[in-house]
Every structure is written in C-alpha cells, then in structure tokens.
Amino acid sequence: MTERILRINMTTLSSAFEEVPAEWQGLGGRALTSTIVAKEVPPTCHPLGKHNKLVFAPGLLAGTPAAQSGRLSAGAKSPLTGTIKESNAGGTAAQSLARMRIKALIIEGAPTEDRFYGIRINKDDVTISEETELVGTGNYEVIKTLIKRIGQKVGVLAIGPVGEMRMSAANISVRDPDGNIRSHGRGGLGAVMGAKRVKYIAIDDTGGAGVEVKDPEKFKTAARAFAKAILEHPVSGEGLPTYGTNVLVNVLNEAGGLPTKNFRYGQFEGHDKISGETMRETIIQRGGKPKHGCHAGCIIQCSQVYCDKEGEYVTSGFEYETIWGIGANCCIDDLDIIAQADRVMDDIGIDSIESAVIMGVAMEADIIPFGDGPGVLKLLEEIRQGTPLGRILGNGAAAVGRAYGLTRVPVVKGQGIPAYDPRSVKGIGITYATSTQGADHTMGYAVATNILKVGGFIDPLKKEGQVELSRNLQIATAAIDSTGLCLFVAFPALDIPETMTAIIDMLNARYGTALVGDDVIALGKRVLKTEHAFNLAAGFTSADDRLPEFFEDDPCPPLNSTWTFTGEEIDEFWNF
Amino acid sequence: MRITIKLFATFRIGRFAEVTRDYPAGTRIADIIGELHIPEKEVGMIMLNNRHAEPDQELHDGDSLALFPLVGGG
Ligand code: SF4
C-alpha cells in the first residue's frame, strides 16, 4: 500500500483518501505542511475562516525505529501572527499516522452551524460525529474519556476551551505515551481547529500497514550510528536527560540574558529557586521522574514528571521557556506555582510561552502585580471561563498591550518573545526578527553558538556574524523539522559530523533515494522561501522583520546592552 | 584578592554552589579549574562577570567567575 493524503472537509462533513501528488513525494513534516498551506490556502484569507486549512504531517522518518523521530508538524495560516505557521510536537500521533501510511491530514472548510465534532481515524475509514459530552472540557479529561471510549493506545489531538473559543493563543494538545500532554504550542493553531469545530481527532492505528523501509539493513546501521552520536554528545547524552531544558535558567541569568520583569532586566534575583538544579532535587525528593520521553523512541528524554509536595502528579514536559516566563518574567520564584500554571495551561489548551509573555504584559498593565503567583492562576481561570478580560488575555500579548495602551510589549509579528533577551543574545534577536513565524527561538537557535558554545562561538554581544549564524541555523532547522526528528538532535549535529551523515543515510535507506548533504540544505532553503513568499503575499514586508523599539531605547542590565541592528543589516538575512 | 566562584549543574556534585575566597594576585581561571579538579575538557562555558571568558585569563579583585559543564536546552 502506498502512502496517502487524508482530506477531511468540515463543510460537508466528508473525507477522502487521496494519492500523494508527485511534488509532495519527497516531503514530510514542516516541508509538507508549509508546501500544502502555501499551495492551498489563500495568503490573505481570514485565519479563522473556511478558506484556511489545518494540516498535520508526520516527519519523513516517523514510524521508523530511528531515535527521536516521533515529532508531528501542524501548519496553517496563524491567527496570532497572520503569517504561515508550523509548530511541531511529540506525542504518539505522528507514529500512528505514519503506520497507517497517512502522509498528511488536511482539515478544510468549516461547518455553518455552531456544533462541535469529533473525528475518528482508523486505517481505512474516518468517522465525523457530533460531540456534546466533551465540549467545554479540558484536555486531560478529553484524553481520559477517549482512552475509555476507544482504547488504551488511542492517539489524540485535541483542543481545550481556549481553542473552542478561538482565542489566538490556543494550542493543540497531543497525548503522550503515558496519557499526558504535549503541545503544538505556538501561533494559535488551536483556534484554527476550533474554527473548524473539531474538538478532537482520535487516531486508532490498529491494523495499520506499518512503515516501509526500502533498505532495512542500511537503515539499521545508520540508526545505530545516529543513536551513538546522540548519546556521545554531552548535551544530548548527559545535560538534557539530567536537568532538562531548565538548566538554562542559571545559564541565561549568568549571561545577563534572562528576561526579567517583562524584559526590564537580564537577571532575576530568585533564579536559583526556579533553576534546573533545584528542580531536579525537588523532583527526586518527591518521587517524580527527572527524565522522561515525549514519544516512544526518544533516547534523550529532556522531559520529566513533576509532583507536588504530596507526591501527586502535577505536570510533565515542564520546560525552561515556561519556567522562565511564569518565573523570572513575572518575578515569581515558586516552582510549585509555576508547575500548577503549566498544568492549567496544558488543560485549557493555551500556549505556555505566549501565556508567559501575556502574564508579563498583564503585570505591566497592573491587572495584577509582578510576583503575584496566585494572580496568574486567577487570570488563567478567567481565560478558561472566557470572561471579557479572559478573552483579551487569551488573544495574546500583543492584544493585551493594545487593550491597555502599552509600549513595552515584547512581540514580533504579534507573537510573544521567548526566554532569551535579544539585547544580550543578539543572534537569537535576528531569529526573532526574521523568522517566517514571528518571534520563535526554535526557528534558529542561535543561543547554542552565542551562549552554550555548541557549534563554535560567536560573541552574543557583538553584531558580527549573527545574521549569517541565524540564517544557517534557520535553514538547517527547516530541514530537521521536515524529518520529524526532535530539534535537540541539532546539538550533536553541530559538533559531531557523523550525526548529519547518519540522518541522510536513514532518509536514503527509508525511501531508496540518493540524497546528499546539499540536498538537505536545499530542502531547508526551499521551505524558508516558500514560507516567506506566503507571508509577502499575505501583506508582510521587511518592515515587519523588526524588534519592538524598546529594545533599542532601554539598556538591559547588568550588561546594559541595547539592540543596535539597522533594518538594512537585518534584511541581509534574506540574501540566499 | 577576593574571588567569587559559582558552579552549576554536575560541577556542583561533591563541590559547592558558590563560595568567595582569597587568591594571590596573578591567579588565572585555569588555576581555579585545576584546584577544583575539574577536567578542562569538561568545561563548557566560563563566564567572568557575566561575559564569556577563556581559561588563560587573569582574575582581578572582586571578580565573579561562573563555570558550567556543556549543557543545552531550548
Ligand atoms: S528530547 Fe525532549 S522534546 Fe525531544 S523527543 Fe525527547 S522528550 Fe521530546
């Protein structure tokens, strides 16, 4: 059986399996979602209207035994930024779709009546039925109920109340192997799903044909070399599994780039209390799990299970960006409150990074004071309820800034700036400015080379080399996001040359192709250019590739650095 | 001269998180790394007063030195 495209039309409530067009054959993950969105979605359409499409695609290596290969890409025109969007997440859905040989799932149209639907995908058929019981419920309840209804192994993509209410910061939740939650976080894709009135997609891969590997022997050898490189590199082999991503709190604090009090300072007094070191001790003391994978086949295991004082599960996938955001950015030095907030955000279905920036701006607006942990939980409750204030908050940091007449609003193209101050980590500032998707550190993680000294070193405080660094990283990232590999394979890939060779060998063994390194780079470039062209056609110009002006005007202590790139210097980015 | 030394992640195990000690003038970063029995190749990042530094740099009174193993996230 060959691979297929599954198209679901929510206007007619019908579905069809289609052949994969020739030009989509070599694509997967982000390359495929962005190509489909660029081809089928009118760039000027309303993101919440019937002309937008929500596309899911497993990466090129999904469903194979390759380590780290279980990431699922989701794409659409973003209601938060108005740009094209790709957001990827772990969980079990990518592997299940791949096993049923579904290369992409396209959800189009929208029902005319205000009813919600549940979609159930089996290997050869799709059922779309009205859902009443789960409307208004949180993601934990949705996953629990679907496991009860369908079975222990069901894959789930779902939205919470925030997505149902079509707020621009809504995310899409993906169940992980333990029945917990991972998220397609950024860009408000949950609102697109809500606009299509899809509460959940349940995936049951029973009887799926499995993934065909053209040359299994070659694949095995390459997969082994790949796993070896991952385990050999100190970051992926030791740092990430030991401390998770939250080790970065102390790193960024030392480097003066930990945005604090809504991007006023680069250091936070309470940093040690919310650091990865403290978190690890707390987790071990309380009987949680310091390491944990977001999908089967993850050998890095940067995730963890965080419990409360009584040893009860609170949250997993508790990441640096969330802890920075509800922590330092809001001046809250209490990990337990941050963990509670993380759980609520997963449950109501809102992006934790956007929420962190939202809360910082809400404190700037004096809705609650800086440092008010219980206040954050109260505001999240307003969002869950959809009160008028809750809806302003749930529409993103930019919306809150406008509603309260503020200028210190850290967003690019309407999307909240994450956990690295661009004044003190200039390479990541270039990524925020130029990314096709608004401010997003994962699009070109210059922090690696600016701060962590992975892949060489480029001084974070100087302008030299940053544009080129960000460009190279954004190209490589677009390619990795297309393979479906977790982005953390970039750490070994930047330092150990065999990593990239192994990835290319796996692709060739899987598809019977003869790709070389340059083809992968070419794929990355093509993805970026496709996305950029979509944005230009949607009305964006280079004037949108800029950081908020307060980064130029206000020095960031303790280094007192400012953002000094000219527009011309930033625009060099697109010269490739 | 008074130097504050901060250790992070695995470097803390069996050592300390932060101390301030006296050192003779002319002490270099590498001397302190050696004194702490940290193999130099395990050092991922050295920050001196919030800026990246190299092992052969000399320290001055009041300096704050931070040592990290290779770590990452994102
Ligand atoms: S390293 Fe972390 S993000 Fe990557 S696959 Fe594993 S748990 Fe998921």
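Asn560(A) sits in the loop between H22 and H23 of chain A. Phi of Asn560(A) is near 55 degrees, a positive value in a residue other than glycine. This is a predicted model, where local features need pLDDT of at least 70, side-chain atom pairs count only at pLDDT 80 or more, and totals for chains, interfaces and linings use all residues. Residues are numbered from 1 along each chain as its sequence is written, chains are lettered from A and ligands numbered from 1 in the order in which they are written, and side-chain values use heavy atoms, with hydrogens and water left out. Helices (H or I, at least four residues) and strands (E, at least two) are DSSP runs, numbered from the N terminus.

**Backbone details**

- The loop between helix H22 (550–553) and helix H23 (567–571) of chain A also holds Pro558(A).
- Pro557(A) and Pro558(A) are joined by a cis peptide bond, with omega at about 5 degrees.
- Over in chain B, Asn49(B) has a phi near 50 degrees, a positive value in a residue other than glycine.
- Asn49(B) belongs to the loop between strand E3 (43–48) and strand E4 (51–52) of chain B.

**Domains of chain A**

- Chain A splits into domain 1 (4–203), domain 2 (213–243 + 430–576) and domain 3 (248–421); the bounds come from an automatic or database domain assignment.
- Taken over C-alpha atoms, the centres of domain 1 and domain 2 of chain A are 25 Å apart.
- Between these two, 35 residues of domain 1 of chain A are in contact with 33 residues of domain 2 of chain A (contact means heavy atoms within 4.5 Å).

- Ala538(A) is in the loop between helix H21 (517–537) and H22 of chain A.
- Ala538(A) and Thr44(A) are 494 residues apart in sequence, yet 4.8 Å apart in space, C-alpha to C-alpha.
- Leaving out residues up to four places away in sequence, Ala538(A) touches Pro43(A), Thr44(A), Lys77(A) and Gly82(A).

**Around the ligand**

- The ligand has 14 residues around it, and Cys294(A), His295(A), Cys298(A), Cys302(A) and Cys486(A) come nearest (a residue is near a molecule or strand if one of its heavy atoms lies within 4 Å of it).
- Sorted by class, the shell around the ligand has 6 nonpolar, 6 polar and 2 charged residues. Here Ala, Val, Leu, Ile, Met, Phe, Trp, Tyr, Cys and Pro count as nonpolar, Asp, Glu, Lys and Arg as charged, and the others, Gly among them, as polar.
- Domain 1 (4–203) and domain 3 (248–421) of chain A both give residues to this shell, so the ligand lies between them.

**Helix pairs in chain A**

- Helix H6 (residues 216–232) and helix H20 (residues 497–511) of chain A have axes that come within 8 Å and cross at roughly 155 degrees. Axes are lines fitted to C-alpha atoms, for helices over the stretch in contact, and angles run from 0 to 180 degrees between N-to-C directions.
- That makes H6(A) roughly antiparallel to H20(A); angles under 35 degrees count as roughly parallel, over 145 as roughly antiparallel, 65 to 115 as roughly perpendicular and the rest as oblique.
- The residues where H6(A) meets H20(A) divide into 10 nonpolar, 2 polar and 3 charged.
- Helix H16 (residues 426–434) and helix H18 (residues 466–483) of chain A pack at about 60 degrees, with their axes 8 Å apart.
- That makes H16(A) oblique to H18(A).
- Lys426(A), Gly427(A), Ile430(A), Thr431(A) and Thr434(A) of H16(A) make the contact with Gln466(A), Val467(A), Ser470(A) and Gln474(A) of H18(A).
- By class, this contact of H16(A) with H18(A) has 2 nonpolar, 6 polar and 1 charged residues.
- For helix H3 (residues 139–150) and helix H11 (residues 335–348) of chain A, the axes come within 6 Å and cross at roughly 60 degrees.
- H3(A) and H11(A) are therefore oblique to each other.
- Asn139(A), Tyr140(A) and Glu141(A) of H3(A) meet Arg343(A), Asp346(A), Asp347(A) and Ile348(A) of H11(A).
- The contact of H3(A) with H11(A) has 2 nonpolar, 1 polar and 4 charged residues.
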